[in-house]
Amino acid sequence: MIHVKNLHKHFGKLEVLRGIDCHIKEKEVVVVIGPSGSGKSTFLRCLNKLEETTVGDIVIDGIPLNSETNVNAIRREVGMVFQRFNLFPHMTALQNIILAPEIVRKTNKKEAEAIGLELLNKVGLADKANEYPDRLSGGQQQRVAIARALAMKPKIMLFDEPTSALDPEMVGEVLAVMKDLAREGMTMVVVTHEMGFAREVGDRVIFMDEGVIMEEGSPESVFGNPQNPRTQSFLSKIL
Amino acid sequence: MGEFRWELMAESFKPLLKGTVITLELTAGAVAIGIVLGMFLALMRLANNRLLRGIAIAYIDFFRGTPLLVQIMMVYFAFPQLFGFQMPDNYQFIAGIGAMGLNSGAYIAEIFRSGIQSIDRGQGEAARSLGMSHAQSMRYVILPQAVKRVIPPLGNEFIALLKDSSLVAIIALEDLMYTGKIIVGRTLQPFVIYFEVALFYLVMTLILSRFVNYTERRLGKSDTR
């Protein structure tokens, strides 16, 4: 589903990604962990070209990410959820969800609204359809953001630290939605500090540091028996 | 020292009101041109294309970096010579509106640009991540939010333009200022008449600035919408 070969990314002189190779299969849930500044968010953002890559090839669902046309086509198939939600503040929850289906997929309004309401129901916010984002809590906003991404019927979902900006008591409601999604067979790449989630839902855990993949494997092996000393030291600090 | 003939104020009221109408028409026309021009320039200024960006920057630099008075003279005297046409009868009015519109376009472009850039980067990223094109994300996500933020500075630009419109008196366009000048020439009462002219401008700018404050407050309530 996702093939990444020799991915490098520079910000000016700073080399943030130093050669990433990675293959993510359909329906796989991959959790990316690592210290801040390790390049994990940048890696995720490269997967839908929110960051230009310096060197390397990315192929998503058989389509190489190289031209502008391809990029727009890919982004329709790859949903993204941001740390800071990024809901459109001038639109209600429902309007946020149906905007892209209407103007990008050309779904008619009625149909889009039906899909939107169904998704709001799925994330437990059917009663908030007509609320503006500033009337919603952080956890509710993030669930709307997930519904918004799902409305495009993506094949892959990217999560960039989806619970890091939330009050602790709201983390659970967002993770619950993500767990449902994983159970339904969505291909997911999740950058997170929620090790419980990684352990429970992840098919594979990738540990990144200094712009490379230091270690990867099943949650049991990475958490239970880390091989790389960097992984060991990172895990000992957070577990 | 002569005496002040205050009764002239009442006598001059009607002709000055006529001049005021011209001033308002001039300002409104210039603002309309400026908004359209400014929107295009702002989008060009933010474009990825270097040529478009360069044209916009050169335009903005020129019109903000030279006096409006000079620009009015150039449009009025130099354009007919440059393009070889006869001045039509109402050319003063066309040149006045044109010069002020070209000038305010540069200022309004910068207002729009800063409004667009004040929108959180995450908004554009979210839009693009949903598969929207650059143009779609501008139209549906960025601009609706930016428009609300630019209303107060845009209002201030209107007020500045209204006052600066008095410069068109130099090309004998019968606006409020020029009408005042003519009356002074006839009555030799500069203090009384210019005081009245100033009051006319003051009333207009006060009304405008109250209106700007009002919209600012109203939008402020729903700032995040």
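**View 1. H8(A) and its bridge partner in a predicted model.** In this predicted model, H8(A) has V55(A) of strand β4(A) as its bridge partner. The two strands concerned, β1 (residues 2-11) and β4 (residues 55-60) of chain A, run antiparallel and are joined by 5 bridges; two strands are said to pair if DSSP finds at least two bridges between them. Strands here are DSSP runs of E with at least two residues, helices are runs of H or I with at least four residues, and both are numbered from the N terminus. Residues are numbered from 1 along each chain as its sequence is written, while chains are lettered from A and ligands numbered from 1 in the order in which they are written. Local features need pLDDT of at least 70, side-chain atom pairs count only at pLDDT 80 or more, totals for chains, interfaces and linings use all residues, and side-chain values use heavy atoms, with hydrogens and water left out.

**View 2. The open sheet of chain A.** In chain A, 4 strands in the order β2-β1-β4-β5 form an open sheet with antiparallel pairing. Its edge strands are β2 (14-24) and β5 (63-64) of chain A, each of which pairs on one side only. Strands of a sheet pair through backbone hydrogen bonds, either parallel or antiparallel.

**View 3. Chain A as a whole.** Chain A contains 9 helices and 10 strands. Its radius of gyration, taken over C-alpha atoms, is 18 Å, close to the 18 Å that the globule rule (2.2 Å times the number of residues to the power 0.38) gives for 239 residues, so chain A is as compact as a globular protein of that length. The C-alpha trace of chain A spans about 55 × 40 × 30 Å along its principal axes. Of the 239 residues in chain A, 56% are buried, that is, under 20% relative accessible area with a 1.4 Å probe, counting protein chains only. Among contacts (heavy atoms within 4.5 Å) in chain A with a separation of 6 or more, 66% join residues 24 or more positions apart.

**View 4. The helices of chain B.** Chain B has 8 helices and 0 strands, giving the pattern α-α-α-α-α-α-α-α along the sequence. Its C-alpha atoms fill a box of roughly 75 × 50 × 25 Å, taken along the principal axes. Buried residues make up 44% of the 225 residues of chain B, and residues 24 or more positions apart account for 77% of the chain B contacts with a separation of 6 or more.

How values were computed. Buried means under 20% relative accessible area, exposed over 50%, partly exposed in between (1.4 Å probe, protein chains only).
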